[in-house]
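Have the structure open as you read.

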Amino acid sequence: MLKLEGVSKRYGDENTGVLAVRDLTFEIGEGEVVTVVGPSGCGKTTILKLMAGLLAPSSGAVTIDGRPLVKPPLEIALVFQDYSASLYPWMRVAENVRFPLDPKRVSSAEATGRVERALESVGLTRFADSYPWQLSGGMQQRVAIARGIAYQPKILLMDEPFGALDAQTRAELEDLVMRVRDEFGVTIVFVTHDIDESVYIADRVLIMGPRPTYVEQELVVGLPHPRDQITSKEDPSFAHLRGIVYRSIRESTQAMASVAKDPER
Amino acid sequence: MVLAVIELAARTELIPSRFLPPPTAVAVRIVAEAAQGRFWLAIVDTLAGWALGLGIAALIAIPAGILIGSSEFVYRATRPIIEFLRPVPSVALIPLVFLLFSPSLEGKVFLAVFAATWPLLVQTQYGIRNVLPLQLDTARSFQISRHRVIFRVLLPSALPYLATGLRIASTVSLILVITGEIVLGAPGIGKAINEAREGAAVELMYGYVLIAGMLGVMLNAVFAGVERRALHWHASQRGTTT
């Protein structure tokens with residue numbers, strides 16, 4: 001459905017610019033949860049912006065259902081890590097969720113229904129009239145997820161969405177993401193630097209290499225559904241996959257560190 | 001306390017009462033004046049000038065500020081002109097106003113508009129330029145139309161700056177309107193002050209000066225109140241630090 005073919009991205013000009021992404025090729029299938037995991041600073045956010053149509057590739061093509069992406073498409077909704085800046089503090093929770101539903105495309109009654117359903121599925125019905133800044137971090141990120149759902153995208157792109165949250169809240173929201181996928185049948189692309197998370201919620205893991213990044217390795221996660229924070233993580237195959245991801249990231253981090261020390265290499 | 005000292009100084013002729021009349025005499029005089037139509041007419045004339053000055057300035061400065069603030073190119077292109085015109089004191093334009101207008105509403109409004117536009121323009125620009133990039137990226141990722149981005153993202157986000165700009169512009173507009181009335185003889189409180197002076201009605205003159213001051217304080221209070229309501233969501237108004 002969403003396809004990247006030979007995508008590279010260079011910031012700045014040909015000679016002095018920085019190559020952030022090189023020769024990226026992968027495809028996201030309908031209904032999948034795909035996580036993108038890689039060492040810190042490898043260019044994960046660049047990949048996400050390329051997939052979202054927020055950034056144009058320097059070469060290669062990003063297509064959705066065969067159409068090239070030239071601007072953010074209606075099929076994709078984004079959830080950012082920084083929920084406090086991504087939600088609008090002058091709008092109430094329900095208004096934030098409703099805001100992307102353009103009155104030209106979505107009737108008022110339809111919009112109201114979508115907002116109610118989205119808030120219900122993230123468990124925030126009671127807080128529809130609150131302001132985002134009155135809620136905890138985890139609840140704010142739920143609002144952002146509800147906003148994504150209400151938009152009814154085919155793909156929900158999430159950029160390290162739980163990076164700023166504590167471990168318990170993070171675990172709750174990981175389970176919420178998988179519930180959302182089952183309930184709304186949405187495809188999820190989830191960028192993270194958390195290794196356990198990348199395996200736990202995924203059908204497929206894309207492990208990225210050091211900068212300029214590329215797909216280092218691809219893992220299919222065969223853990224049975226529904227996943228459970230305790231039993232799934234006790235499964236020997238979870239430990240095995242987690243080990244593979246960890247090893248790859250450690251190697252990439254070391255590679256990046258040695259390049260940083262000795263840039264001539 | 002201060003009033004008592006002034007009262008005493010004036011009553012004992014320590015300061016000649018033709019310069020500084022006793023406050024009680026001023027109060028008595030202005031209360032008597034308030035029974036007359038011309039008193040209210042002067043206030044209405046001044047307020048009309050103030051409102052027109054501020055309103056026209058807002059109509060110019062806010063759209064222009066949005067335009068300039070949302071484009072780096074326009075910002076760079078207009079900055080030299082704005083930085084040159086902005087420091088020109090409005091009162092320096094009075095001779096020009098004499099040439100262009102009769103001593104009526106237009107002249108004083110012209111002065112007020114010229115003076116009030118700049119602070120509002122600059123504040124609007126800064127407000128628009130300070131929108132968080134992520135707030136715009138979010139809007140862009142959801143394909144939100146330009147019109148809705150301006151009215152529901154850019155403007156609310158710039159509102160704290162706009163509110164400050166409006167408050168400054170309101171004060172400036174009032175000052176210039178009264179200046180215009182004094183110098184150009186356009187009807188209003190300024191003209192009343194001048195006429196009282198010419199008629200050696202010192203108490204009355206001080207009375208009108210007092211009224212002008214009270215208008216300024218009242219308008220400022222109104223704006224501060226509206227600002228508090230409109231910005232209740234803003235960190236500075238929430239009352240908590242979260």
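## The interface

Chain A and chain B bury about 2,400 Å² between them, with 62% of that area coming from carbon and sulfur atoms (buried area is the accessible area, 1.4 Å probe, that two parts lose on being put together, summed over both). A:Trp90, A:Phe99 and A:Trp133 supply 31% of what chain A buries against chain B, more than any other three residues. The contact draws on 30 residues from chain A and 21 residues from chain B, where contact means heavy atoms within 4.5 Å.

This is a predicted model: local features need pLDDT of at least 70 and side-chain atom pairs count only at pLDDT 80 or more, while totals for chains, interfaces and linings use all residues. Residues are numbered from 1 along each chain as its sequence is written, chains are lettered from A and ligands numbered from 1 in the order in which they are written, and side-chain values use heavy atoms, leaving out hydrogens and water.

## A:Glu32

Is A:Glu32 buried or exposed? A:Glu32 counts as buried because its relative accessibility is 17% (buried is under 20% relative accessible area, exposed over 50%, partly exposed in between; 1.4 Å probe, protein chains only). Leaving aside neighbours within four places in sequence, the residues in contact with A:Glu32 include A:Arg181, A:Asp203 and A:Arg204.
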